[in-house]
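Reader: I have just opened this structure. Please show me how to read it, one feature after another.

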Amino acid sequence: MQKNDIIFVQEIAKKSWHQTYEGIIPNEIQDRFIEVAYSSDRLLSRLENSLFLVAVLEESIVGFANFSNVVDGEAELYSIYLLPETQGKGIGTALLQGGIKMLPDLTSLLVCVEKENTIGMNFYQAKGFKKLEEFDELFDGHLLKTVKLGLNII
């Protein structure tokens, strides 16, 4: 990602969050989260301090993925989102694989997924991620069922 990509990442985040979490997380909670987590300042910080990739299709940014740095062989996939109309075309897989290749000394990758996010759960399980634990968490006062998944990198 480059600084001038931020506005596109913000738009993708909003569209994909609303589609992904419809009926799972109330819209007003989603909007508050997106406003903070995808603010220009927060995205600049993420760009400078972590691996942040964008996917380009026909000269337009259609998705993004954000990975933590590797610590003791382990990293976390913070987010991977695509415009809804571009899902199912291998773009998410390309972002995931690209990130894995760019993270030095990576031996395992973790991701947390909302349990009712069936598209996300199916995507990660199809890529070989295994369930490590399940827990409840409060998200801006809304109870979520979260599943932590892990992928061993060979």
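**Reading the model**

Author: Start with Ser-108, which touches Gly-73, Glu-74, Ala-75, Leu-151, Asn-152 and Ile-153, leaving aside residues up to four places away in sequence. Contact means heavy atoms within 4.5 Å. This is a predicted model: local features need pLDDT of at least 70, side-chain atom pairs count only at pLDDT 80 or more, and totals for chains, interfaces and linings use all residues. Residues are numbered from 1 along each chain as its sequence is written, and side-chain values use heavy atoms, with hydrogens and water left out.

Reader: Where is Ser-108 placed? Is Ser-108 buried or exposed?

Author: Ser-108 lies in strand S4 (residues 108-114). Helices (H or I, at least four residues) and strands (E, at least two) are DSSP runs, numbered from the N terminus. Buried means under 20% relative accessible area, exposed over 50%, partly exposed in between (1.4 Å probe, protein chains only). At 13%, Ser-108 counts as buried.

Reader: How do I read a helix? Which residues of H1 are buried?

Author: An α-helix has 3.6 residues a turn, so residues three or four places apart point the same way. In H1, the buried ones are Ile-6, Val-9, Ile-12, Ala-13, Ser-16, Trp-17 and Thr-20. They cover an arc of only 120° around the axis, so they sit on the same side of H1. The arc is that of the directions from the helix axis to the C-beta atoms.

Reader: What covers the buried residues of H1?

Author: The cover includes helix H2 (27-37), helix H3 (40-49) and strand S1 (51-57). Strand S2 (60-67), S3 and strand S5 (130-139) are also included.

Reader: How do I read a pocket?

Author: Rolling a probe the size of a water molecule over the atoms shows where empty space is left. On a 1 Å grid over the protein atoms alone, a pocket is an open set of points where a 1.4 Å probe fits, with protein on both sides within 12 Å along at least five of seven lines; lining residues have an atom within 4 Å of a point. Here the largest pocket has a volume of about 970 Å³. Of its 42 lining residues, Tyr-21, Tyr-78, Ser-79, Tyr-81 and Cys-112 are the closest to its centre. Strand S3 (residues 74-82) gives the largest share of the lining, seven residues.

Reader: What about Asp-72?

Author: Its phi is near 50°, a positive value in a residue other than glycine. Asp-72 is in the loop between S2 and S3, and is exposed at 78% relative accessible area.

Note on methods:
Points joined across faces, edges and corners; volume = space filled by probe spheres on them.
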